Amino acid sequence: MEKNKYRTVSVSVLIFGMIGLSLAGCSSKNDAGGASSSVPTVSPASTEMPAPVAKKEAVTLKWYSTSGNANLPATKTLLEAYKAYSGNTVELETVAGDGDVIYKKIDIDLSTSGTVDVIPLQNPIIHAKYANSGFLLPLNDIYKDAGVDYEKKFGKYLTKFSDKVYMLPTGAGTWAVFYNKKIFDDAKVPYPKGEWTWDQYVETARKLTDSSKGIYGSSFPDYDNTFYLLAAQRGISGYKADGTSNYDDPAFKESLQWLGDLGNKLKIQPSWLETKSKKIPYDAFMNGKYAMQFTGTWFAFAPIDMKTYPRDWKVGITQPPVDPNGKNMIGITSGNGINKYSKHPKEAADFVNWLADNQYKYGGSGTPARVDLTKEDTDKIFQEMAAKFPAADGITTEDLKDVFLTPNLGLKPEKITGSIAAEYGKIILQEGESYLVGQKPLDDAVKAIKSRADEAIEKAKTSKN
């Protein structure tokens with residue numbers, strides 16, 4: 001993820017593959033479209049699939065892909081399976097390079113009415129950008145006519161813009177708490193399990209913090225979305241109804257102060273100043289000096305990799321704490337949309353629907369974004385994942401299902417998207433950091449975020465017009 005400042009959901013795919021992870025800049029070096037060979041293939045599920053769209057003759061569709069995915073055997077297998085199912089051929093529009101580089105090409109193509117049919121949407125920022133720019137085809141009517149009940153299939157993972165659906169999700173990436181069982185055992189503190197609150201998390205971390213041993217009870221990543229975590233869990237938008245910044249909502253101030261207090265006052269984790277000055281890495285939890293690590297579920301690759309992270313202590317994993325004002329986890333979804341200029345919109349919609357139903361079986365989407373899978377389907381997925389962890393950790397299929405699927409929690413976006421998504425995040429980091437390190441009072445930092453965001457929003461509006 002962030003060492004990535006915005007990860008793609010395809011990062012979560014590595015939870016299954018459990019091999020190397022590259023984390024840098026604003027995105028991971030994972031591929032868009034296609035599938036990942038690092039993920040074990042899941043046998044086709046027993047779920048009933050809708051019949052393909054009726055066609056007079058087979059057509060050829062085009063789907064954007066990075067060069068990395070285009071060359072994977074798993075991608076070829078996926079496309080062959082779809083052709084056998086539908087009779088249609090899908091050709092890859094390959095873009096050299098990996099990760100977000102694909103969107104430089106897509107930006108140009110879409111702005112000039114390009115005809116590639118299917119657009120991979122790696123994360124909510126990309127999804128919102130193309131939906132709000134009018135580049136994607138609204139899918140509501142097409143799927144209504146085809147009898148596809150996307151509300152039932154995808155539930156909390158379905159994202160709408162002004163009640164319009166532009167993407168069917170293939171995968172979801174959420175957050176979790178990883179914990180060091182040895183530190184818990186030494187302090188005689190029970191392991192966390194199931195639904196809990198941030199107050200309980202803080203109290204647990206206080207019991208586990210031992211400065212004499214250099215042990216912190218908590219660790220947070222240095223991502224901009226942790227600055228407004230509580231507001232995000234409550235579902236509070238970064239924008240007002242008129243399109244201006246909503247950062248003067250009290251929840252954003254509360255969230256920033258709360259984050260600062262974890263390190264500066266409660267001292268249950270390194271302060272922001274310490275994190276930055278000592279350059280504490282995103283994977284510091286694996287050094288055995290942190291009792292709990294709040295981060296994305298993609299982090300599961302680390303405790304599985306005993307070669308890179310040798311340890312003599314056990315790891316546990318549990319659900320993220322919730323804000324009492326909203327029982328929601330945070331996360332992102334990825335999937336595919338359709339170019340509004342597609343010459344074969346119905347056939348493209350059929351392919352997008354098929355991918356949403358099946359791509360996880362071929363290893364290209366991470367945790368399935370479907371809420372209608374059978375117990376047999378989900379058990380198989382998480383049995384394979386649990387088997388990747390060292391047996392000593394004692395992580396079970398049910399543990400992983402509770403964490404990754406969190407059926408008891410809602411889902412809210414982990415990032416502020418909208419018209420200035422990337423710039424908004426940078427502003428929050430810059431001004432929020434000035435408060436966390438003591439350079440600005442809290443009110444001044446929040447006002448600066450609001451003011452600078454409004455300026456950026458107005459500038460974006462002007463340039464668009």
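**Overall architecture and helix packing in the predicted model**

Of the 465 residues in the chain, 58% are buried. The structure described here is a predicted model, in which the chain contains 18 helices and 13 strands.

The pLDDT averages 87 over the chain, and 87% of the residues score at least 70. Residues 1-49, however, have a pLDDT below 50. In the model, this stretch has 189 contacts beyond near neighbours in sequence.

One pair of helices was examined for its packing. Two packed helices are described by the angle between their axes and the distance between the axes. For helix H4 (residues 102-111) and helix H5 (residues 124-132), the axes come within 12 Å and cross at roughly 10 degrees. Angles under 35 degrees count as roughly parallel, and H4 and H5 are therefore roughly parallel to each other. On the H4 side, the contact is formed by Tyr103, Ile106, Asp107 and Leu110; these residues meet Ile126, Lys129 and Tyr130 of H5. Classified by residue type, the contact of H4 with H5 comprises five nonpolar and two charged residues, with no polar residues.

A further helix, H15, spans residues 375-386 and has 12 residues. From its first C-alpha to its last, H15 reaches 16 Å, close to the 16 Å expected at 1.5 Å a residue. The buried residues in H15 are Asp377, Thr378, Asp379, Ile381, Phe382, Met385 and Ala386. An α-helix has 3.6 residues a turn, so residues three or four places apart point the same way.

Key. Residues are numbered from 1 along each chain as its sequence is written. This is a predicted model: local features need pLDDT of at least 70, side-chain atom pairs count only at pLDDT 80 or more; totals for chains, interfaces and linings use all residues. Side-chain values use heavy atoms; hydrogens and water are left out. Helices (H or I, at least four residues) and strands (E, at least two) are DSSP runs, numbered from the N terminus. The expected span of a helix is 1.5 Å times one less than its number of residues. Buried means under 20% relative accessible area, exposed over 50%, partly exposed in between (1.4 Å probe, protein chains only). pLDDT is the predictor's confidence in each residue, from 0 to 100. Contact means heavy atoms within 4.5 Å. Axes are lines fitted to C-alpha atoms, for helices over the stretch in contact, and angles run from 0 to 180 degrees between N-to-C directions. Angles under 35 degrees count as roughly parallel, over 145 as roughly antiparallel, 65 to 115 as roughly perpendicular and the rest as oblique. Ala, Val, Leu, Ile, Met, Phe, Trp, Tyr, Cys and Pro count as nonpolar, Asp, Glu, Lys and Arg as charged, and the others, Gly among them, as polar.
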